[in-house]
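Grab a pencil and work through these exercises with the model open beside you. Each task comes with a solution in steps.

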Amino acid sequence: MSVYRLNKLIRLAPNMTAGRSTVAMQSQRHNTSHSAVAADTPGHTSFKTLAITTPKPFVFHVELHRPNKLNAINKQMWLEIKNCFEELSTNPDCRAIVLSASGKHFTAGIDLSDMMNLGQQLSDTDDCARKGHILERVIKLYQDSISALEQCPKPVITAVHQACIGAGVDLITASDIRYCTQDAFFQVKEVEIGMAADVGTLQRLPKAIGSQSLARELCFTGRRFEAAEAQSCGLVSRVFPDKESLVSGALALAEQIANKSPIAVQTTKANMVYSLEHTNQEGLDHIRWYNKLNLQSEDFAQAVAAQLTKDDKPIFAKL
């Protein structure tokens, strides 16, 4: 940054402080009202397989909520995961998301009884092309549901306890940050039911752990692996003693992220996701196009001024 720009920021700092006071008052009104919100409706949509709350300002907590079915993912849950994360993507009151699960396990994976219903639908026609057309629509829906986490511009933190099986691995590898309990275990189970994983694990797990060898071992064998191995290979970044401390730690991280500039955080996620599939130079070009606008943002000016003047932490407007 040029000396001229630094000096200008210092001169503007008192005005920025006054501006932050106005934003702070608006934020305080948000903080006062957020606990009273019945937050199972991020976009005024009611969900039956998800429970949604806003435990902290700008933080949404999404729980898989079929505890009596071990949170097995049926068609309704697939649809609701997709709709939920698409709605949170554009919700200005959401800056970070924690995804956990109610009940004994994170998820037992895909609901096999739902698959039986699909089998019945396929049996209604003898034509293989028409069967394929039905399956293509179903697989695409499930893929889009999982990808909704990755495509959501807000950081998604998954908090896993006990079993995370099959589609659960698809789900968490589409998130940004993964935590688990010390009793958590993981399993890419699709080969054990005679199919190849088709909604994200084969694409995302090798990148998440950084080892093609280990990823292929886990996907070819379907073997179960525990929290210690998940942490050592990089699938999760922290392990907690129990579910209560896990969720508390995930929410604390989400709150820390939510206090940052939403422009900075969302641009960071967009570029990191983009860079996974592109060369270093393409990633540099991508962030340059973003930052030629974002460096003119009030968020940047306020954050720099706060650093220079040792002022209170800046409070950022909704995005």
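**Exercise 1.** Is Lys-82 buried or exposed, and which residue forms a salt bridge with Lys-82?

*Solution.* Keep in mind that you're looking at a predicted model.
- Step 1: Check the accessibility. Lys-82 has a relative accessible area of 19%. The cut-off for buried is under 20%, so Lys-82 counts as buried.
- Step 2: Find the partner. Lys-82 makes a salt bridge with Glu-86, and their closest N and O atoms sit 2.9 Å apart.
- Step 3: Look at the partner's surroundings. Glu-86 has 38% relative accessibility, so Glu-86 is partly exposed.

**Exercise 2.** Which parts of the chain does the salt bridge between Glu-150 and Arg-204 link?

*Solution.* 
- Step 1: Check the pair itself. Between Glu-150 and Arg-204, the closest N and O atoms are 3.2 Å apart. The rule for a salt bridge asks for within 4 Å, and this pair is a salt bridge.
- Step 2: Locate each end. Glu-150 is in helix α4 (residues 128-151) and Arg-204 is in helix α6, so to speak 54 residues away, and the bridge links distant parts of the chain.
- Step 3: Compare the accessibility classes. Glu-150 is partly exposed at 23%, while Arg-204 is buried at 12%.

**Exercise 3.** How are helices α6 and α7 oriented to each other, and which residues meet?

*Solution.* 
- Step 1: Know what to look for. Two packed helices are described by the angle between their axes and the distance between those axes.
- Step 2: Read off both values. The axes of α6 (residues 201-209) and α7 (residues 212-221) come within 8 Å and cross at roughly 140 degrees.
- Step 3: Name the orientation. Roughly antiparallel needs an angle over 145, and α6 and α7 are therefore oblique to each other.
- Step 4: The crossing of α6 past α7 is right-handed.
- Step 5: List who touches whom. From α6 come Thr-201, Leu-202, Leu-205, Pro-206 and Ile-209; they meet Gln-212, Leu-214, Ala-215, Leu-218 and Cys-219 of α7.
- Step 6: Sort the contact residues. Eight are nonpolar, two are polar and none is charged.

**Exercise 4.** Where do Asn-71 and Gln-162 lie, and what is phi for each?

*Solution.* 
- Step 1: Take Asn-71. Its phi is near 55 degrees, a positive value in a residue other than glycine.
- Step 2: You'll find it in the loop between β2 (59-64) and α2 (75-89). With a relative accessible area of 0%, Asn-71 is buried.
- Step 3: Now take Gln-162. This residue, again not a glycine, has a positive phi near 50 degrees.
- Step 4: At 22% relative accessibility, Gln-162 is partly exposed.

Methods:
Residues numbered from 1 in each chain as written. Predicted model: local features only at pLDDT ≥ 70, side-chain atom pairs only at ≥ 80, totals over all residues. Heavy atoms only, no water. Axes fitted to C-alpha atoms, helices over the stretch in contact; angles between N-to-C directions. Helix = DSSP H or I, 4+ residues; strand = E, 2+ residues; numbered from the N terminus. Parallel < 35°, antiparallel > 145°, perpendicular 65-115°, else oblique. Left-handed = near helix turned anticlockwise from the far one by under 90°. Contact = heavy atoms within 4.5 Å. Nonpolar A, V, L, I, M, F, W, Y, C, P; charged D, E, K, R; others polar. Buried < 20%, exposed > 50% of the residue type's maximum accessible area, 1.4 Å probe, protein only. Salt bridge = Lys/Arg side-chain N within 4 Å of Asp/Glu carboxyl O.
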